[in-house]
Amino acid sequence: MNMASYDVIVIGAGPGGYVCAIRCAQLGLKTAVVEGRYTLGGTCLNVGCIPSKALLHSTHLLHEAEHNFAHMGLKGKSPSVDWSQMKSYKEEVIGQNTGGIEFLFKKNKIDWIKGWASLSEAGKVKVGDDTHEAKNIVIASGSVPSSLPGVEVDNDKGIVVDSTGALDLPKIPKKMVVIGAGVIGLELGSVYARLGSDVTVVEYMDAVCPGMDKDVQRSFKRILEKQGLNFIMGAAVQEVETSKTKAKVKYQPKKGGDDEVIDADVVLVATGRKPYAEGLGLDALGVKMTERGQIATDAHWATNVKGVYAIGDVIEGPMLAHKAEDEGMAVAEVIAGKHAHVNYGVIPGVVYTTPEVATVGQTEDALKAEGRKIKTGKFMFMGNARAKAVHQAEGGFVKLIADKETDRILGAAIIGPGAGDLIHEICVAMEFGASAEDLALTCHAHPTYSEAVREAALACGDGPIHS
């Protein structure tokens, strides 16, 4: 049994874990990361955010070629889909990113302890037959896809799959059923719809992306329907039956009535994710957990066991890579004896479909439910010259929400081209307590999508210019 001693051992090399480790090393702490996957980067870089964006980009270009190129004067034979090559491109993108993290570990002198960790006692991390000592331990073990009762996922068989399996199907299915109209389901559903699959999304709630701004939900669903996605809303999936090559999805309408059945070649279960802390020995160590299976932490990301911290998907809050990154940097600062802060009120969320959807802060309905006096400014991308030029003006908009008395920005929602990048102008404004007028008085380059943000800010006052 070998013994190695560190200031910090981070368990998990996803966005929260690897960012935490790098920041710890920058602050002069001897740091190691325990990761059992054969590459660094966790779910996000290997089977989540990054590979899905590669497929989204590929299929967006395909859609442009099929629907818009001729109109723009780009004529010729339409591209055909080489699914094997598309997956190879995806793997190439993954490799570039995971290799980059490994380079950063070497650059910052971070030890990668390969294997799966367990905590035998406070201050000790066991990996295989070796035990390593650490003054501080940060659990960043992430999350895994969740499922439903009566629905058994088997990614190897390739008929009932989760998000991981959907990224590596052996062939493009003729008919796909997506269970869940959240971010993952809509992103991957749109990928396969563009590839020619007949995609039906079954959702228990009455709106897509539950909890999002209602104006966005309505517009987003209409846009996706025009792109070929079919929706069955208010439906509770009862079970999925499989044969050798097919599946039957049985669901019951919430409003009542008989069970109904849909046939599919592939069923994607996209019903969210759940914290992953199995095998860490947290029960034996006495680490307090929440009722939802998350690790309980205080305002400084510390657990009830001295020297043990937790961040990312395994604790409360939105399961977002950038939220985990912020917490990773913050807990490194705490361990180093510095001040740390994460503003949970200014964490954006993005859906990377075409068009993109991005939100930050509170929704109009939530603020009204609190009794807040607010005003909204809305500007449609139909009034934005740049959006018109790239066939992304229809149905999209920027919506800004501000305090009626102080004009301080409280939230925003964007559906349109580059929404995932545009939202950060509003994030910075909110971080500094800016008003809608501050945004409206800031010069924006023309022609850019960002002008729509300024117009929405103007709409909070006397009104926009271009509508």
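Modeller: Helices and strands here are DSSP runs, numbered from the N terminus: a helix is H or I with at least four residues, a strand is E with at least two. This is a predicted model, where local features need pLDDT of at least 70, side-chain atom pairs count only at pLDDT 80 or more, and totals for chains, interfaces and linings use all residues. Residues are numbered from 1 along each chain as its sequence is written, and side-chain values use heavy atoms, with hydrogens and water left out.

Biologist: Ok. Which helix is Thr59 in?

Modeller: Thr59 belongs to helix α3, residues 49–67.

Biologist: Is Thr59 buried or exposed?

Modeller: Thr59 is buried, with a relative accessible area of 0%. Buried means under 20% relative accessible area, exposed means over 50%, and partly exposed is in between, using a 1.4 Å probe and protein chains only.

Biologist: And what is Thr59 in contact with?

Modeller: Leaving aside neighbours within four places in sequence, Thr59 is in contact with Met86, Val191, Arg194 and Leu195. Contact means heavy atoms within 4.5 Å.

Biologist: New topic. How many residues does the largest nonpolar core have?

Modeller: The largest nonpolar core has 57 residues, and Val138, Ile139 and Trp301 have the most contacts inside it. Helix α1 (residues 15–26) gives the largest share of this core, seven residues. A nonpolar core is a set of buried Ala, Val, Leu, Ile, Met, Phe, Trp, Tyr and Cys residues joined through side-chain atoms within 4.5 Å. There is also a second, separate core of 37 residues, which includes Val161, Met176, Leu224 and Leu268.

Biologist: Back to Trp301. Where is Trp301 placed?

Modeller: Trp301 sits in the loop between α8 (282–285) and β17 (308–310). Trp301 is buried, at a relative accessible area of 4%. Not counting residues up to four places away in sequence, Trp301 touches several residues, including Tyr309, Ile315, Val334 and Tyr344. The phi of Trp301 is near 65°, a positive value in a residue other than glycine.

Biologist: Which other residue has a phi near 70° without being glycine?

Modeller: Asp407 has a positive phi, near 70°, and is a residue other than glycine. Asp407 lies in the loop between β21 and β22, and is buried at 13% relative accessible area.

Biologist: Let's do sheets. In what order do the five strands of the open sheet come?

Modeller: The order is β8-β15-β9-β10-β11, and the pairing is parallel. β8 (160–161) and β11 (230–233) are at the edges with a single partner strand each, so one side of each has no neighbour in the sheet. Two strands pair if DSSP finds at least two bridges between them. Strands β9 (residues 175–179) and β10 (residues 198–203) pair in the parallel sense over five bridges, and Val177 stands opposite Thr200 in β10.

Biologist: How many residues lie between β18 and β19 in their hairpin?

Modeller: Four residues lie between β18 and β19 in the hairpin. These two strands pair in the antiparallel sense over three bridges, and the partner of Val350 in β19 is Ala358. The loop between β18 and β19 holds Pro355, and the peptide bond from Thr354 to Pro355 is cis, with omega near 5°. β19 also pairs with β22, in the antiparallel sense over six bridges. In that pair Gly361 stands opposite Gly411 in β22.

Biologist: Where is Pro447?

Modeller: Pro447 is in the loop between α13 and α14. A cis peptide bond joins His446 and Pro447, with omega about 0°.

Biologist: Last one. What span should helix α12 have at 1.5 Å a residue?

Modeller: The 13 residues of α12 (residues 419–431) should span 18 Å, and the end C-alpha atoms are 18 Å apart, which agrees. The expected span of a helix is 1.5 Å times one less than its number of residues.

Biologist: What do the buried residues of α12 pack against?

Modeller: They pack against several elements, among them β18 (349–351), β19 (356–361) and α14 (451–459). The buried residues of α12 include Leu422, Ile423 and Met430. Gly433, which follows α12, has a positive phi near 70°.
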